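Open the model in your viewer and keep the selection panel at hand. The stops below are given in the order to select them.

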Amino acid sequence: MDLLSEPILVPHFEWDAQQLYKHNNHWWRIQSSLPNKGVPFAFILYADKTHLLSSGNVKGYLVIARCANLPVHIRNCAGIGGSRLVGWLPIVPEDAKQSHKLSYTNLKYIVWHEAFLKFLEVIILYSKTGFAHKCFDDITCWLYALILLLSADYEEQCVMALIRGTGSLCPCPICLVPSTKLCDHTVTYPIQKVEDAQIRVKLYEENHIAGEAALKEQGLQPINNIFWRVENSNFHETISQDLLHAFHTGLYGHHIHEEAKNLAELLRRSALKQINEYGLNHFCQVTNISLRDGNKFQDISKQFLFAAHNVLTKQKSKAGYMLLQCIASYLVVDMYISLNTQTESTLAAGEAAYSDFLKCLDEYVNIAGDSTKNWNFLKVHAGKHIFHNIQEKGAAQNFSTRPNEKQHGPLRHMYLCQTNRKDITNQLLQLDHRILVSELIGGHIAQLDEQHLQKLKDTDDNDPDDINDPEDTKNIGASFQGHIYLSSPQHPMSFTDVEEANSSLHTFDQFRKKFSIFINEFLPAHNIPLPDGMTWLRPAAQDKLQEYCYLKVHYKSVVDWKLATNYLRCSPSFHGHERCDWALIHTHDKDSNTKNIFAQILFMFKYTVGDQHLDLALVLPMDAPIGPQLAIDQDLRFTWLHAQPAASSEFLSIYSIICGALLVPDYANPHQDFFLVDVVDSDMFLHSQKNALI
């Protein structure tokens, strides 16, 4: 509630729903139903247990709240207006003798709901009565408190919805799908209803035998749910399928990835070694490690295809090859779910992609037969709801648990470094409050500094230093000349120095001669006059070049139509390794027709002609002919690129670069053949899906 009076945040509150997928339809319906032209004061609540010690002996049960009326870039951060630790739930001790009894499970659920009620008392009151609030524009609104979203993994969803979980007849917290039909997406089952649960719980209170049978039929617990008391907060609607737990950790990490490891193990040991030695980013090996972090599984899933496609081939393992097709289809689904702005077309494409994934999975199960696991589990069923969740509640980032999971780390650090490990609940809550106070103080100081700088700018709007500040995003057009900014300058070098330093690389063969031809074609084409009336510019061996190792590329995102930035590097030693990034560039073919191609950036530099400072680069194009498309490229959705010979490197203007790109080598021919990785960047993914790249 204190957020409403925070001056830093008041300009950012959004009170009126908009019927767009960027926002949500769920909010729209709630606001339409409120009396007195009221508007929602909406909360996103998250609860989860966390291990404060890696041994698991000390646990905490945190409750985190966010305000849904604030923009997602504010509420999903850890600063002012972001997540706040609002409570600490009691943990019922585990008892091996009682753990499988319904009465003991009910006890844990009752304790959870009665404790959570303490956090909801004010929300329950204001959800019924509402309250007046004077907004930033001096208009008084009547606000109704409500819970818009519940963010949780499946275990917590079971507690929130008071269902019996995976062993019950209806394990889904959203719909009444039978436990035997979780992988069947051809049938849409009824949504769970609060009124139905209330009737069955009341029947249980009157007649335990009849009530238990009725509750068991829908997998419900015989407990009154405290969320029933909050108006306009149907928890079957507020609960959403979480991408981190349902897909990255569950569907891929604990099922698809484990299946891929098992199939690789059926081949010779060298197959596992070949996958592990591919050079996966951040992972020395992936087939013989155990992980619990969904973020790690997400990273592995985007790299595994390129490491395993030459191992799990159709000839060596039909089941393994079919599973790779499942992974390729899964990655498309993952990308569509992850988009931060959704449209009707992306939602339809995402649902179609999930149908394709299920078909691939069915084919894999038929090929693998009895050797595979049972794929009738809840994580497969998650795809039935997640696109509907997006349509109703906005992009998946709105209900993701990922921003909340990040809060576990700071709490562990506080426990280990700032408590005496006794009565930790009060100590941790006090420490978190101190962090909040320091953030508020720092935020107010930063706001005063910003206001002071704005006053200085207002008094001198024509200050050239302000106009040419390359870091000022308001002046990108002036400072970047469109979208480019070079940085990390090195010592000036002569043409001779460049050729000698790179004498072992064929890409730098005849560097000065090749540059001379390029510059004499480039200057007239761009109406840049040659100095001193020259007709042909002949760069001398001792002419200086200014090398740069870092490049910012600004471009318009096709995901949210905002300015996006890629950070590209061309450095002989980046964290101890050579790094030459790739980019999508705009160029011309031999017939002067425009085209877009991928190229590797080999050398970035400035060269001065007269009073003109030219930003140039030496690149290796990836547009060599590749012949007919192979079956594996179609099956695994590969975009295969073939590099031109090293001696065919060419110069171009830095301003020809459209955006960055990620390519990985094919280890069968790592110096010539590359694959485009379009599943790590939403813009590249959408371009690739539209076949608009090249």
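Leaving aside neighbours within four places in sequence, which residues is His113 in contact with? Before selecting them, note that the model is predicted. The protein chain averages a pLDDT of 88, and 93% of the residues score at least 70.

Start with helix H3, residues 102-129, where His113 is found. His113 has a relative accessible area of 1%, so it counts as buried. Now show what lies within contact distance beyond four places in sequence: Val159, Met160 and Leu162, together with Asn225, Ile226 and Phe227.

Next, select helix H6, residues 208-217, and colour Gly211, Ala214 and Leu215, which are the buried residues of this helix. Look down the axis of H6: these residues line one face of the helix, because they fall within an arc of 100°. As background, residues three or four places apart point the same way because an α-helix has 3.6 residues a turn.

Then go to the ends of H6. At the start, the backbone nitrogen of Ile209 has a side-chain oxygen of Asn207 within 3.1 Å. Just after the helix, Gly219 has a positive phi of about 70°.

Finish by colouring the protein chain by pLDDT.

Notes. Residues numbered from 1 in each chain as written. Predicted model: local features only at pLDDT ≥ 70, side-chain atom pairs only at ≥ 80, totals over all residues. Heavy atoms only, no water. Buried < 20%, exposed > 50% of the residue type's maximum accessible area, 1.4 Å probe, protein only. Helix = DSSP H or I, 4+ residues; strand = E, 2+ residues; numbered from the N terminus. Arc of directions from axis to C-beta. Polar contact = N/O pair within 3.5 Å; in protein donor to acceptor, adjacent residues only side chain to side chain. Contact = heavy atoms within 4.5 Å. pLDDT = per-residue confidence, 0-100.
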